Amino acid sequence: MGTTIGAGIYALIGKVAGQVGMATPLAFLLASLLAAASAGSFAELSSRFPRSAGEAVYVREGFGVSWLATATGLLVVLAGSVSAATIANAFAGYLGELLALPRPLAISLLVLALAGLAGWGIRVSVYAAAAITLLEIGGLCAVLWLARDAFAALPQQLGALLWPGEAAAWSGVLSAALLAFYAFLGFEDMVNVAEEVRDVRRTLPLAIVLTLAVTTLLYALLASVAVLSTDPAALAASDAPLATVVRHEPAAATAISLIGVIAMVNGALIQVIMASRVLFGLAVESGGSSLARIHPVTRTPVRATALVAGGVLLLALAFPLASLAEATSVATLLVFTLVNAALLSVKRSGQHPPPVVAVPGWLPVVGFATGSGFLIFEAWRRVF
């Protein structure tokens, strides 16, 4: 769950509310459906091919085209780097609620710390991520508890939460769902540390499914309580929207801001780890390069980690939060579309290792269709 919970819900919920107001829960539910089909495909493929650079491996096994597999891997690295930059921006926003620290300095300090921790060792990184995840979930549950009185209005507002009304409003909801989709990203990152997981063919698929199920429930509840208790415009204007939801409890608002800062660290750490492992895996698959070297002491790909961290820093300093999040969603959707198509090819060929976890043949079809549909819709919306 630490791969998913973080900047997406702690920061972007305000941006989504600013786009669609009371229909924010609907946008998050649509985003969860968009993620679900691809999550199933990742679950099966991770049980068939448990290797680093997972998406690139899946595309190569599915289509047998080396350049397409390499391009997919590089697209994953780009998406992870942009995602980490998104989180670094969100981190600076929440930290600004606590300390008067210049945004560029806050971003730079975070990225340097992440690079050091990611290069230190996978065991240390995972223990840190697990501890922070417990704190993140506690923060979300605290928001739900402190704003629980807002649920009294749920029966009267249920229609507004789940139906935007006029047909023209659906365009905005679908666009907001693409932004909210960022909050569900993370399950795909797990496959890139497959070679560092015990009983990987069973563990990874189970982790993917449970992560998506629990985060969908949490996000739907949080999106509902946020717009029921707080003016969506106020959420959109806040750099720390969940702290705004509990602003009637000043101590709690400060605590949520602090947890939000820590949550950003967790999400960005995982993205840096993931992207560096993909670069490492691509380097190994291509015959080896300096990026394929493992440090003799830390047993981590230090050079790949340093390269990813440098890219993250440049992106975070150059672009705003919402633009980075949208770019991450688009790049990841393109990867998901390729992965779903790869699973269809693998299933039809019958020449690959049998899966420990198998999904119905229609699921990758749905994943491919919805991913392609959202990409086409977003392209159409930007052009027209």
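This is a predicted model: local features need pLDDT of at least 70, side-chain atom pairs count only at pLDDT 80 or more; totals for chains, interfaces and linings use all residues.
Ser-81 belongs to helix H5, which covers residues 66-95. Leaving out residues up to four places away in sequence, Ser-81 touches Ala-275, Val-308, Val-312 and Leu-315.

Ala-71 is also found in helix H5, but with a relative accessibility of 36% Ala-71 counts as partly exposed. Ala-71 and Ala-56 are 15 residues apart in sequence, and their C-alpha atoms are 7.8 Å apart in space.

## The largest nonpolar core and helix H13

The largest nonpolar core has 121 residues, and the members that touch the most other members are Ile-9, Tyr-10 and Phe-28. Helix H13, residues 250-285, gives the most to this core, with 16 residues. For Phe-28, the contacts beyond four places in sequence are Ile-9, Ile-13, Val-16, Ala-180, Ala-183, Phe-184, Tyr-219 and Ala-223.

Helix H13 is largely enclosed by the rest of the structure, because 27 of its 36 residues are buried.

Glu-136 lies in helix H7 and is buried, with a relative accessible area of 0%. Glu-136 and Arg-202 are 66 residues apart in sequence, and from C-alpha to C-alpha they are 26 Å apart in space.

Leu-146 lies in helix H7 as well, and at 27% relative accessibility Leu-146 counts as partly exposed. Although Leu-146 and Glu-249 are 103 residues apart in sequence, their C-alpha atoms are 8.2 Å apart in space. Glu-249 is also among the residues that Leu-146 touches, together with Val-246, His-248 and Ala-252, when residues up to four places away in sequence are not counted.

## The largest pocket

The largest pocket has a volume of about 750 Å³. Helix H7 (122-146), helix H10 (200-229) and H13 are the elements that give two or more residues to the lining of this pocket, and H7 gives the most, with eight residues.

In total, 23 residues line the largest pocket, and those that lie nearest its centre are Ile-122, Val-126, Val-193, Glu-196 and Val-197. Sorted by class, the lining of the largest pocket has 14 nonpolar, five polar and four charged residues.

## The second largest pocket

The second largest pocket holds about 170 Å³ of space. Two or more residues of its lining come from each of helix H4 (54-63), H5 and H13, and the largest share, four residues, comes from H5.

The residues that line the second largest pocket are Ala-56, Arg-60, Ser-66, Ala-69, Thr-70, Leu-74, Leu-279, Leu-282, Glu-285 and Ser-286. By class, this lining has five nonpolar, three polar and two charged residues.

Most residues other than glycine have a negative phi. Asp-199, which is not a glycine, has a positive phi of about 45°. Asp-199 is found in the loop between helix H9 (169-180) and H10, and with a relative accessible area of 52% Asp-199 is exposed.

A positive phi also occurs after helix H15, which is followed by Gly-350 with a phi near 65°. Helix H15 itself covers residues 321-349, and at 1.5 Å a residue its 29 residues should span 42 Å; the end C-alpha atoms of H15 are 42 Å apart, which agrees.

Notes
Residues are numbered from 1 along each chain as its sequence is written. Side-chain values use heavy atoms; hydrogens and water are left out. Contact means heavy atoms within 4.5 Å. A nonpolar core is a set of buried Ala, Val, Leu, Ile, Met, Phe, Trp, Tyr and Cys residues joined through side-chain atoms within 4.5 Å. Buried means under 20% relative accessible area, exposed over 50%, partly exposed in between (1.4 Å probe, protein chains only). On a 1 Å grid over the protein atoms alone, a cavity is a set of points where a 1.4 Å probe fits but cannot get out, and a pocket is an open set with protein on both sides within 12 Å along at least five of seven lines; lining residues have an atom within 4 Å of a point. Grid points are joined across faces, edges and corners, and a volume is the space filled by probe spheres set on the points. Ala, Val, Leu, Ile, Met, Phe, Trp, Tyr, Cys and Pro count as nonpolar, Asp, Glu, Lys and Arg as charged, and the others, Gly among them, as polar. The expected span of a helix is 1.5 Å times one less than its number of residues.
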